[in-house]
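The briefing below takes the sheets one at a time.

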Amino acid sequence: MSRVVVVGSLNVDHVLRVDALPGAGATVLARSYEVALGGKGANQAVAAARQGAEVVMVGCTGADGGAGRLRAALTAEGLDLTHVATSTLPTGRAHITVDTDGANVIVVAPGANSATVWPPGTHQGAAVLLAQLEVPLPVVSAALREARGAGVTTVLNPAPKCELGSDLLALVDFLIPNEVEVEGLPLDGFAGVVIVTLGARGVEVRVPGSSPERLAAFAVDVVDTTAAGDAFCGAFAAALAAGSSTSDAVRRANAAGALACTIAGAMPSLPTAAAVDALLAGGPPPRG
């Protein structure tokens, strides 16, 4: 069984490419502007699907043109959109500014994502439930609680950063923050595995009762780091759902995150299973 249920956001991304990220009060001219598809939920769902998982998406869009584009793209990726609702609110928007080194700053307007609900029973048949925090926290909590109660492995990417209680974290088997998001989390007594993504410095795996293990990042030519974390989370969930060990799943996820940095954009950068296999084998990743 390799079904992954993803509960999360669906956005239209507005991407500006600049020479340097602006500071407070500064204005800079963009070198380019494009509209793409994203949202942490949609990105992670597509990332899992491209790794071979059967993916069920739970989320909400508006009834606008952006929603139509998102639904068409996700359907083409093979996602089950039965539980993607429609709201009178506009489809979520993300404004992403990327500099020449690939670093980015992202501001998200949730829109219809704030109307997301968790349909009871959606976890049935799933091996893994994957969630993030661009939809209301009570929705995430309900999804994690129902999945945990049914013995489904739960994975949480606590992004964007917000205050989380130990009661919610107690429902999580694998927690995947980056080095900023991990600060301040109430992890004393946390019984799950914490996987901290460190960008160019790789990833640190913290298993209760063991010393932290550090994996180096793959050496790649960085174009844009947008969605690297989403590629990691989606690939990790897909590997777990396929029966991989934690260490093997982290290794595949680490490779997927690196490959996502080599292509501009969010969804277009999410690698296929063949690309990850090639990188792990030490060869050039295939494109497309």
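In this predicted model, residue R17 stands opposite V98 in β6. The strands concerned are β2, residues 11-17, and β6, residues 92-98, which pair in the parallel sense over seven bridges.

**The four-stranded sheet**

- Strands β2 and β6 belong to an open sheet of four strands, whose order is β3-β2-β6-β7 and whose pairing is mixed.
- The edges of this sheet are formed by β3 (32-38) and β7 (104-109), each of which pairs on one side only.
- From one strand to the next, the twist averages 20 degrees.
- Helix α2, made up of residues 65-76, lies across β2 and β3, and the helix runs at about 60 degrees to β3.

**The nine-stranded sheet**

- Another open sheet has nine strands in the order β5-β4-β1-β8-β9-β10-β11-β12-β13, again with mixed pairing.
- Because β5 (80-86) and β13 (213-215) stand at the edges with a single partner strand each, one side of each is left without a neighbour in the sheet.
- Within this sheet, β9 (residues 153-156) and β10 (residues 174-175) pair in the parallel sense over two bridges, and the bridge partner of V155 in β10 is F174.
- Helix α5, residues 228-241, packs on the sheet and touches β1 (3-7), β8 (128-131), β9, β10, β11 (193-197) and β12 (203-206), while the direction of the helix makes about 170 degrees with that of β8.

Terms used:
Residues are numbered from 1 along each chain as its sequence is written. This is a predicted model: local features need pLDDT of at least 70, side-chain atom pairs count only at pLDDT 80 or more; totals for chains, interfaces and linings use all residues. Side-chain values use heavy atoms; hydrogens and water are left out. Two strands pair if DSSP finds at least two bridges between them. Contact means heavy atoms within 4.5 Å. Axes are lines fitted to C-alpha atoms, for helices over the stretch in contact, and angles run from 0 to 180 degrees between N-to-C directions.
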